[in-house]
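I opened this entry to record what I looked up, in the order I looked. Overall form comes before the ligand.

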Amino acid sequence: MKRTPFILLINPWITDFAAYDLWAKPLGLLSLAALLREGGCGVAFVDCLDRHDAFTNEHPQCLRATHRKYGTGKFARMRVEMPEPLAGMRRKWFRHGIHPESLRARLGALDKPDLVWVTSIMTYWYPGVEETIRLVREIFPETPVWLGGIYARLCPQHAAVHMGAHRVITESAGGLPSLVEAHTGFSLQNAALWGDFRQWPQPAMDLTAHRDFVPLLTSVGCPYNCPYCASSILQPRRVRRSARCIVEELRFWHTERGVMDFAFYDDALLLGREEEMREALKEVCRQGWKIRFHTPNAIHIRALTEEWCDLLHASGFQTLRLGLETNRSHRQREWGGKVETDTFHSAVQRLRGSGFSSDQIGVYLLAGLPGQECWEVAEAIEEVERAEARPFLSEYSPVPHTAMWKEACALSSFDIEGEPLYHNNTFFACRRPGFSLADLQQLKTLAERVRRKLPHEVP
Ligand code: B12
Ligand code: SF4
């Protein structure tokens with residue numbers, strides 16, 4: 001093919017008991033859209049999770065989307081039949097996102113693409129991916145559909161058998177231009193820079209219909225290797241973008257497009273960031289930009305020196321999530337050796353000294369990992385309460401290829417190797433005597449009670 005290829009990129013539906021839009025955007029897919037466009041391809045983006053879709057929000061079959069603080073909110077959703085492996089859960093099951101008729105209309109309005117790229121995120125959201133692909137193939141029966149993303153990379157065999165895609169892509173970004181060329185005959189003009197994250201253009205957020213917030217990825221990779229986490233598998237090398245790139249992205253979206261809220265997706269936002277992040281945040285202060293930053297992915301407590309706490313506050317961080325995980329020291333060592341409880345208390349004091357209120361300081365605690373006792377989590381919640389911060393539970397989601405995976409498989413009475421639906425943190429496949437689903441629910445209620453008790457301060 002000599003002419004410019006037209007590639008359609010799709011963010012699929014989410015199927016889950018619940019799904020809150022906590023600054024969720026398909027950042028990987030939008031980065032690929034920017035790379036393809038810069039390389040000379042025509043691109044279009046369809047977002048099955050668009051919260052502003054009028055047809056869906058008016059549709060009697062749908063529960064409409066809601067819009068909350070700082071660009072977050074609930075996706076619109078439709079009740080659908082619970083997949084058989086989850087039968088027994090006394091919860092409702094939904095497809096989150098736009099109504100199928102709206103997706104059909106959006107696809108029908110496009111020219112026939114040469115290639116469709118569908119992304120995937122959580123492994124246990126695959127039914128939404130499968131359904132999206134089915135509809136895409138119905139509208140464009142002759143167009144090959146490629147599936148990539150986190151689920152595709154963590155469960156490639158499952159995806160190959162069940163998703164109905166023509167191809168499941170596990171290659172890293174550097175390998176994609178040659179696949180595009182082999183398929184379309186078109187040689188991307190920027191092929192050489194796909195493999196270098198530092199040279200990527202900004203994600204193509206302009207292709208999204210509404211920009212209530214912009215997600216930011218200033219680095220990939222993490223220097224730690226925690227046994228429950230897939231970071232080192234998905235992004236084995238730590239690479240950081242320059243302060244200049246970060247500032248340019250903020251400048252464009254804030255000063256030219258009026259975006260106020262930015263959410264960081266980095267695995268290790270502040271670690272080893274003396275030059276880039278510090279310089280970028282100082283520039284935000286110098287320019288007097290009134291930006292609100294959020295860290296839905298935890299930040300590392302050990303990075304929170306007095307200087308960093310002051311800088312985070314001065315540059316506009318609003319929602320902080322700290323990764324304490326547990327207050328038991330042997331577990332802290334076992335789960336990556338990133339933090340100690342004393343360090344946590346000092347960091348919270350420093351944050352408060354810099355001007356952050358209890359409302360703004362959330363703390364993630366892990367719940368239900370193999371070997372962990374229920375009372376350990378209750379103790380950790382109390383520890384966070386003593387610090388006058390807000391505890392949030394991260395219920396364990398077993399992730400394939402991680403160091404803890406084998407232990408999780410041995411512990412679970414469900415087929416987590418064969419059925420990714422069991423990776424769902426709400427399903428809690430590693431439930432067991434002494435740490436049941438009811439125990440987990442009680443812990444969640446306890447954490448919520450502590451959050452409610454905290455004084456609501458206005459910073
Ligand atoms: C940001 C993030 C979040 C955000 C939201 C992300 C979103 N968009 O919805 C928040 C903080 C809300 C979140 C929440 C959770 N998360 Co999270 N999250 C991440 C994180 C750190 C980064 C994802 C990302 O954007 N990466 C950056 C982009 C550039 O990468 P990418 O999407 O993979 O795209 C690249 C390639 O895959 C490829 N690609 C992508 N699509 C396509 C398509 C085609 C066709 C092709 C060719 C290529 C391709 O190209 C891109 C460039 O290379 C990952 C860890 C990680 N390092 O990936 C965990 C991760 C995805 N999360 C995970 C978990 C466990 C959770 C939670 C369950 C935690 C908890 N217990 O509460 C919750 C669940 C939320 C829910 N509603 O169910 C797990 C996955 C679990 C699973 N079983 O799948 C991960 C892997 C971390 C881990 N523990 O190992 N998360
Ligand atoms: S510190 Fe966070 S991102 Fe890094 S390996 Fe551990 S859990 Fe994953």
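**Overall form**

I began with the radius of gyration. A compact globule of 459 residues would have one near 23 Å, and the protein has 22 Å, so the two agree. The model is a predicted one. I then took the box along the principal axes: the C-alpha atoms fill roughly 65 × 55 × 40 Å.

Next came burial. Of the 459 residues in the protein, 44% are buried. I also checked how far apart in sequence the contacts reach. Among contacts between residues at least 6 apart, 74% join residues at least 24 apart.

For secondary structure I listed 16 helices and 19 strands.

**Domains**

I looked up the domain assignment. It gives domain 1 (6-193) and domain 2 (213-453). Their C-alpha centres lie 26 Å apart. Domain 1 puts 20 residues into the contact, and domain 2 puts in 24. Which helix gives the largest share on the domain 1 side? I found α5 there, with three residues. The domain 1 side that touches domain 2 holds 14 nonpolar, three polar and three charged residues.

**One sheet**

I traced an open sheet of five strands. Its order is β4-β1-β9-β10-β11, and the pairing is parallel.

β10 and β11 run parallel and are joined by two bridges. Trp146 stands opposite Arg167 of β11.

**Ligand 1**

Last, I went to the ligand. I counted 43 residues around ligand 1. The closest are Ala24, Gly28, Thr119, Gly148 and Ala230. The elements giving two or more residues to this shell are α1 (27-38), β9 (115-118), β10 (145-147), α5 (150-154), α8 (231-234) and β19 (390-395). α1 gives the most, with five residues.

I sorted the shell by residue class. It divides into 25 nonpolar, 14 polar and four charged residues.

Where does the shell come from, in terms of domains? Domain 1 and domain 2 each supply at least three of its residues.

β9 and β10 belong to the five-stranded sheet, and both are among the elements that give two or more residues to the ligand 1 shell.

Key: Residues are numbered from 1 along each chain as its sequence is written. Chains are lettered from A and ligands numbered from 1 in the order in which they are written. This is a predicted model: local features need pLDDT of at least 70, side-chain atom pairs count only at pLDDT 80 or more; totals for chains, interfaces and linings use all residues. A residue is near a molecule or strand if its C-beta atom, placed from the backbone, lies within 6 Å of it. Helices (H or I, at least four residues) and strands (E, at least two) are DSSP runs, numbered from the N terminus. Ala, Val, Leu, Ile, Met, Phe, Trp, Tyr, Cys and Pro count as nonpolar, Asp, Glu, Lys and Arg as charged, and the others, Gly among them, as polar. Domain bounds come from an automatic or database domain assignment. The radius of gyration is taken over C-alpha atoms; the globule rule is 2.2 Å times the number of residues to the power 0.38. A residue is buried if 20 or more other C-beta atoms lie within 10 Å of its own, exposed if 12 or fewer, and partly exposed in between; C-beta atoms are placed from the backbone. Two residues are in contact if their C-beta atoms, placed from the backbone, lie within 7 Å. Two strands pair if DSSP finds at least two bridges between them.
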